[in-house]
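I opened this notebook to record what I looked up in the structure. My entries concern two interfaces, taken in turn.

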Amino acid sequence: MKIVAITSCSTGIAHTYMAAENLETAAKKLGVEIKVETQGSIGVENALTSAEIAAADGVIIAASTTVNKDRFSGKKLLDVDVTEAVDHPEELFERVKTAPVYQENKDSSNDASANSTEPQATNNVGNKAKGIYGHLMTGVSYMIPFVVAGGICTALAFAVGGINAHGVLAQAISKLGSTAMGLMWPVLAGYTAFSIADRPGLVPGMVAGMLSSSMNAGFLGALLGGFLAGYTVLAMKKWIKLPSSFSGLMPILIIPLISTLFVGLVMKFIIGTPITALNKGITAWLNSLTGVNSVLLGLILGAMMAIDLAGPIGKAAYFFGVASLTNLSAGQTSPIMAAVMVSGMVPPLALALSSTVLGKNLYSKDEREAGKSAWVLGLSFISEGAIPFAATDPIRVLAAMTVGSAITGGLSMWFKCGIAVPHGGFFVFLIPGAVSHVLLYVIALVVGTVISGFLITFLKKMRYKGKEVNA
Amino acid sequence: MAADFALRKLMPPDLITFDLQATEKVAAIKELAQKIKDAKQINDLDTYLKAVFKREEEYTTGIGNGVAIPHGKTAAVLKSSLAFGRSNKGITYNSMDNKPVYLMFLIAVPENSSNEHLQILSQIARKLMHEENRQAILRAQSPEELYQVFEN
C-alpha cells in the first residue's frame with residue numbers, strides 16, 4: 001500500500017511534525033510506503049509530487065487548518081484532526097482504506113449550474129480497489145471529452161459547409177473533428193491501462209488503442225487492449241527485478257518497450273482477428289435491429305439514461321451510443337446514439353416542467369431556481385441537471401424520470417430517428433444533417449418530458465397531501 | 001554542524017531545569033516562561049502567556065507519554081527560545097492520554113521567526129515521538145546529555 005499524507009497544525013511549530021513523524025513510524029511498522037508533506041510555519045516541506053499522488057492508494061490529511069485538497073480529486077481521502085495522527089497513527093492507515101473518494105467541488109453535484117458532463121467517473125481515477133468496472137469507467141471518462149469535441153466539430157463542419165462539409169473552413173473543422181475522434185480509442189485504452197498500472201500503463205495502452213483503431217476492432221479491441229496493457233505492466237512491475245543500479249531503466253526503457261512489444265504482438269496476431277470479427281458482428285446486429293427489437297432497445301437505453309442520472313448505468317448506455325457512432329461513415333446517423341441522447345434530455349426537462357410550471361408549490365424556492373436552470377441543462381443534454389431534485393427525493397424522482405426517458409428512447413427508435421454526434425442536445429437539432437427525422441425526434445422528447453413531468457408532479461402531490469412545503 | 005550549535009543557542013543551559021516545582025499545568029508553564037523572560041528573550045510575559053494558553057484552548061499540547069510541548073507565537077517574543085523542564089512529581093496537564101506530564105518543552109517563537117529555528121523545533125518535535133529519546137531525556141543529568149539526545 002502506498003499512502004501520501006499532509007500534516008498541518010494551527011501554529012505550525014510542533015504538531016505538524018509530530019504527526020508526520022508518527023505517521024512515518026507507523027507506516028514503517030505496518031509495511032506501508034508513505035510520504036508526508038508538512039505544511040508548517042516553515043512552509044511546505046517534503047512536498048508531494050503529482051506522480052506520487054497518482055501512485056498513492058490513499059491520502060491522509062491530518063490537519064487542524066484548512067488544507068487545499070484539489071490535488072487529491074479521485075483519491076480515497078481521510079481527513080482528520082492533526083492530533084489523531086499524533087495520538088493513534090496506525091488506526092488511520094486502517095481507516096483510509098475505507099475512506100470515501102474525494103471529489104473536487106463536492107457541492108457541484110447539488111448545483112444545477114455545474115455542467116460538467118462526466119463528474120462521477122473521473123473521480124474514480126487512481127482508486128485501486130475499484131476493480132475492472134472502475135478501470136473501464138476511468139478510461140471512458142477520459143475518452144468522452146474527445147468524442148464530444150470531435151463529434152461536435154464534425155457536426156459544425158456540416159453546419160458550415162453542408163452535408164459534405166464543402167469549403168476550406170468546413171474541411172478544416174471536419175478534420176479537427178475526425179482527429180479528436182481518432183484519439184478516442186488510444187485514450188480509452190491508454191487510460192484504462194493507466195487506471196490499472198499507473199503511468200507505465202499509458203504507453204502500451206495507447207499503442208493498443210491505436211492498433212485497435214487501425215484493425216477496426218473498435219471499442220472492444222481498445223478495451224481489451226487497455227486491460228491487457230494494464231495487467232501486463234502490473235505483472236512486469238511485480239516480477240521483473242533488476243539490480244538497483246539498473247532500476248532507473250525500468251520506467252523509461254524496459255517497461256515501455258517490453259509491454260508494448262508484448263501487448264502489440266498479442267493484439268496483432270492473437271486477439272485482433274476474433275475481436276475485429278466480433279465488433280463487425282455486433283455492429284451488423286445493431287444495424288439489423290428493426291421494429292419491436294429496436295424499440296425495446298430504445299426503451300432499455302432510455303431507462304438506463306435516467307435511472308442513475310449520468311451515473312455508471314447512464315454512462316454505460318451513453319457509451320453504447322457513442323460506440324455505435326464510431327462505425328458510421330460521414331453523413332450517416334446512429335439511431336442508438338439518438339435514443340440515448342434524447343432520453344438523457346428528459347429528466348432535467350421534465351423536472352423543469354414540473355417545478356416551474358405544473359407544480360410550483362410542491363417545490364422549495366431552491367428547487368424552483370434549480371428548475372429554471374434545468375431547462376437549459378436539459379436542452380443541452382446534461383442529465384445532471386436533474387440531480388438537485390433527485391438528491392432530495394430520489395425514489396420518486398428517479399422512478400418518474402425513468403418512465404418518461406424509456407418512452408422517449410423507445411419512440412426515438414420507433415421513429416427511426418438518428419444522430420451523427422454524441423452530444424450537444426437541442427442545439428444539434430438545428431444543425432442540418434446532424435439529426436434525421438428531426439421533427440419526430442422533438443415529438444419523442446416532448447412526449448417523454450410531459451409524461452415524466454406529470455408523473456413526478458402527481459407523486460409529489462400525493463406525498464404532500466395536506467402538508468405545507470417549506471419555501 | 002551549525003544546527004547543533006543552533007540548538008544550544010535556542011535552548012541555553014539557563015533555560016533547562018531538571019527539577020520543575022509546579023505540579024499543575026498553568027503553574028508549570030508560568031514557571032518555565034519566567035525562565036525565558038529572565039533570559040530576556042520575551043519582552044512581555046503576559047502577552048506571551050496569553051498566546052500559549054490561547055493555543056492550549058484549541059487542543060491540549062499534552063501529547064501523551066508524559067510529554068507536553070506548549071508553545072506560543074507572538075511579537076512579544078524577542079528571540080526564538082526553547083525552555084525545558086523535567087518534573088519528578090508529574091504535572092497534571094489534561095494530556096491526550098490523561099496521564100501526568102514529566103517532560104515539558106515550552107516553545108517561544110516571534111511572529112517572524114527564522115526558518116532555521118523552526119526547523120530545529122520541528123526536528124525536536126519529531127524526536128519526541130520516539131520512546132527511546134523520551135527515555136534518554138528522562139535519564140539526562142545535565143544540559144549536555146539533553147543536547148546529545150537531539151544531536152544524535
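**Entry 1: chain A against chain B**

I began with one pair of side chains in this predicted model: A:Glu21 and B:Arg126 form a salt bridge, with 3.0 Å from N to O. I then looked up the total, and the rule finds two salt bridges across the interface of chain A and chain B. For polar contacts I noted five residue pairs across the interface of chain A and chain B, both residues at pLDDT 80 or more.

Next I asked which elements of chain A give two or more residues to the side that touches chain B. I found α1 (15–30) and α3 (82–87) of chain A. The largest share of that side comes from α1(A), with eight residues. By class, I recorded nine nonpolar, nine polar and five charged residues on the side of chain A that touches chain B.

I also noted that 23 residues of chain A are in contact with 21 residues of chain B. The two chains bury about 1900 Å² between them, with 64% of it on carbon and sulfur atoms.

**Entry 2: domain 2 against domain 3 of chain A**

I looked up the division of chain A and found domain 1 (2–102), domain 2 (120–282) and domain 3 (291–464). Between domain 2 and domain 3 of chain A, about 1700 Å² is buried, and carbon and sulfur atoms give 80% of this area. On the side of domain 2 that touches domain 3, α6(A) gives the most, with 12 residues. That side has 17 nonpolar, four polar and no charged residues.

Key:
Residues numbered from 1 in each chain as written. Chains lettered and ligands numbered in written order. Predicted model: local features only at pLDDT ≥ 70, side-chain atom pairs only at ≥ 80, totals over all residues. Heavy atoms only, no water. Domains from an automatic or database assignment. Buried area = accessible area lost by both parts, 1.4 Å probe. Helix = DSSP H or I, 4+ residues; strand = E, 2+ residues; numbered from the N terminus. Nonpolar A, V, L, I, M, F, W, Y, C, P; charged D, E, K, R; others polar. Contact = heavy atoms within 4.5 Å. Salt bridge = Lys/Arg side-chain N within 4 Å of Asp/Glu carboxyl O. Polar contact = N/O pair within 3.5 Å; in protein donor to acceptor, adjacent residues only side chain to side chain.
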